[in-house]
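Q: I have just opened this entry and would like to go through it step by step. Could we discuss it together?

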Amino acid sequence: MFNFIHTYKSLSDFFFKNQLPQTYDNPELALFNYELAEELNLNIKTISTKELAHFFSGTKLFNNSEPIAQAYAGHQFGHFTMLGDGRAILLGEHKLTTNKLVDIQLKGAGITPYSRRGDGKAALKAMLREYLISESMHYLGIPTSRSLAVIKTNAPVYREKIEQGAVLTRVAASHIRVGTFEYARYFGEKKQVIELVEYTVNRHYPHLKVEKNVALYLLKQLIDEQIKLVCNWIRVGFVHGVMNTDNTTISGETIDYGPCAFMNEYNLDTVFSSIDEQGRYAFGNQGKIIYWNLCRLAEALLPAIADDEKEAIDLCTNVLSNFPELYYSNWLIMYGNKFGFKYCMKGSGEEIFVKEFLSFLRQHNLDYTQSFLMLQESVPSLNENYSTTLFRDLKSKWKQLLLNQNISLEVTLEKMKLCNPIYIPRNHLVEEALEKATNNNDYSAFTNLLAKLKKQYDLEKNYSELIELSPKNFEGYVTYCGT
Ligand code: AMP
Ligand code: MG
């Protein structure tokens with residue numbers, strides 16, 4: 001089924017441990033992503049669902065897999081610690097017809113040498129959540145790991161209460177993290193940092209190989225990739241919730257869907273995660289945090305950047321000093337697109353308007369997604385907040401700016417459609433789908449919601465319940481890290 005190769009195993013064994021997944025007596029298929037299987041060119045036609053459950057729970061091994069657990073460290077809420085795949089096992093890298101590699105990883109596959117006090121397991125509800133939100137992000141056009149399968153292990157998992165166990169198959173460009181570099185730097189030697197730089201550049205950014213200072217260019221590239229990613233999150237109102245350095249990828253994909261959720265009312269302070277008491281990973285902090293994470297990456301890369309530490313620090317500082325400017329210009333372009341502007345420059349009327357509009361949303365506790373729809377008039381007025389003189393004035397200002405840019409409303413609306421989702425995974429619908437699936441083994445709400453989330457920009461599909469806000473009792477919605 002998989003065209004596995006094992007390039008990660010060409011790294012020194014400092015970076016991983018061989019580890020077989022746990023086996024189960026009675027694994028059962030909960031979800032299988034047939035569309036993704038087709039994209040990956042997997043031939044599953046002759047495989048029964050029972051067999052799929054055996055393979056994707058790790059009970060039966062594909063004959064060409066060579067399972068490993070990867071080592072990494074990371075800063076969690078600012079504190080440095082040794083981590084590693086404590087419950088995930090990489091079966092191999094599947095080589096696509098394009099020659100691109102994707103990691104096939106089982107999450108919840110049992111104890112590994114990096115499990116610390118954990119049980120190596122995953123709970124069904126958390127894995128269903130990762131499947132739903134990661135697929136939704138994919139269909140929103142945002143780089144992300146994807147979900148190929150969820151298998152129920154039919155074995156209990158002991159959390160605050162007893163939960164059903166599950167294994168999720170995660171498909172990602174790779175699982176190299178900022179934390180993998182931190183591991184090389186603080187648990188290894190210079191040669192391991194260099195080894196990881198070379199591997200990463202070969203795998204993800206081969207065009208950098210010609211650079212004299214490859215590690216420095218890798219840092220530069222990652223600044224670009226992560227800025228693009230976070231601006232995409234801001235565009236759709238996504239709150240990752242746990243942007244620790246071990247959850248920040250080198251591929252530029254969103255990874256590790258724990259306490260993430262989509263913001264409703266526009267508020268930079270939006271936090272859903274139960275453990276993020278200080279709001280470190282709040283919606284509006286994500287740009288600052290990615291900068292902080294990139295600084296940790298730079299520190300880890302120092303030995304590969306220059307022999308003289310001071311020189312290496314100077315080079316990194318110089319590169320990182322561009323971050324604020326780069327982030328802000330990407331942020332402005334993204335918002336410019338959300339409003340359908342042809343251009344949106346620093347110091348322009350458009351820039352002032354973007355800020356005015358956002359503070360209007362904040363002041364009136366308006367829903368982020370809905371408000372852009374109201375500007376586009378793509379759906380009938382949703383509530384009285386959008387019939388006020390204030391909102392109408394704001395809309396006239398916007399239209400005037402478009403006129404000044406000599407751009408027709410028609411062209412604008414076409415452009416806006418591409419970056420303003422109509423449907424997002426509303427928290428109450430996500431919860432309802434997960435509850436029904438886990439409590440009643442009823443996947444109808446889940447599959448229904450997922451089907452709609454594949455058409456998030458498609459106004460033709462009038463899924464009005466996805467435009468509607470969560471009921472009042474969903475204010476203060478709390479998410480959990482979900483292990
Ligand atoms: P996460 O919060 O998913 O980013 O995980 C942080 C670290 O905790 C990683 O090293 C995980 O492998 C580890 N971890 C999370 N849950 C478990 C578990 N149930 N058993 C063992 N390790 C775990
Ligand atoms: Mg993680």
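Q: Which backbone atom lies 3.3 Å from a polar atom of the side chain of glutamine 286?
A: That atom is the backbone oxygen of phenylalanine 283. Please note that this is a predicted model.

Q: Where is glutamine 286 placed?
A: Glutamine 286 is in helix 7, which covers residues 286–305.

Q: And is glutamine 286 buried or exposed?
A: Glutamine 286 is buried, because its relative accessible area is 0%, and buried means under 20%.

Q: What is glutamine 286 in contact with, leaving aside neighbours within four places in sequence?
A: Its contacts are Val230, Trp233, Ile234, Phe238, Val239, His240, Met243 and Tyr281.

Q: Let us turn to glutamate 225. Which helix is glutamate 225 found in?
A: Glutamate 225 belongs to helix 6, residues 214–236. With a relative accessibility of 15%, glutamate 225 counts as buried.

Q: What does glutamate 225 touch, not counting residues up to four places away in sequence?
A: Glutamate 225 touches Tyr205, Ser251 and Gly252.

Q: How many residues apart in sequence are glutamate 225 and phenylalanine 323?
A: They are 98 residues apart in sequence, and their C-alpha atoms are 12 Å apart in space.

Q: Now the ligands. Which residues coordinate the magnesium ion?
A: The magnesium ion, ligand 2, is coordinated by Asn247 through OD1 and by Asp256 through OD, at 2.2 to 2.4 Å.

Q: Are those two buried or exposed?
A: Asparagine 247 is buried, with a relative accessible area of 10%. Aspartate 256 also counts as buried, at 16% relative accessibility.

Q: Where in the chain is aspartate 256 found?
A: Aspartate 256 is found in the loop between strand 12 (238–239) and strand 13 (261–262). The phi of aspartate 256 is near 70 degrees, a positive value in a residue other than glycine.

Q: Which other residue has a positive phi although it is not a glycine?
A: Asparagine 365 has a positive phi of about 50 degrees. Asparagine 365 lies in the loop between helix 10 (349–363) and helix 11 (368–376), and is partly exposed, with a relative accessible area of 42%.

Q: Back to the ligands. How many residues surround ligand 1?
A: There are 18 residues around ligand 1, and the closest are Gly84, Gly86, Arg116, Asp119 and Gly120.

Q: What lies 2.6 Å from an oxygen atom of ligand 1?
A: A backbone N or O atom of glycine 84 lies at that distance.

Q: And what about the nitrogen atoms of ligand 1?
A: An N or O atom in the side chain of aspartate 119 is 2.9 Å from a nitrogen atom of ligand 1. A backbone N or O atom of glycine 120 lies 2.8 Å from a nitrogen atom of ligand 1. The protein covers 87% of the 480 Å² of accessible area that ligand 1 has on its own.

Q: What about the threonines? Where is the place of threonine 180?
A: Threonine 180 is in helix 4, residues 178–187. Threonine 180 is buried, with a relative accessible area of 1%.

Q: Which atom lies 2.8 Å from a polar atom of the side chain of threonine 180?
A: The backbone nitrogen of arginine 177 lies there. Not counting residues up to four places away in sequence, threonine 180 touches Tyr8, Ala71, Tyr72, His175 and Leu196.

Q: And which helix holds threonine 438?
A: Threonine 438 is found in helix 14, residues 427–440. At 12% relative accessibility, threonine 438 counts as buried.

Q: What does the side chain of threonine 438 reach at 2.6 Å?
A: That side chain reaches the backbone oxygen of leucine 434. Beyond residues up to four places away in sequence, threonine 438 touches Leu124, Lys125, Leu128 and Gln164.

Q: Last topic, the cysteines. How many disulfides does the structure hold?
A: The structure holds zero disulfides.

Definitions and conventions: Residues numbered from 1 in each chain as written. Chains lettered and ligands numbered in written order. Predicted model: local features only at pLDDT ≥ 70, side-chain atom pairs only at ≥ 80, totals over all residues. Heavy atoms only, no water. Disulfide = S-S within 2.5 Å. Helix = DSSP H or I, 4+ residues; strand = E, 2+ residues; numbered from the N terminus. Buried < 20%, exposed > 50% of the residue type's maximum accessible area, 1.4 Å probe, protein only. Contact = heavy atoms within 4.5 Å. Polar contact = N/O pair within 3.5 Å; in protein donor to acceptor, adjacent residues only side chain to side chain. Donors = N, O, S within 2.8 Å, 3.2 Å for Na, K, Ca; no water. Near = heavy atom within 4 Å. Areas by Shrake-Rupley, 256 points an atom, 1.4 Å probe, with all protein chains shown as cover.
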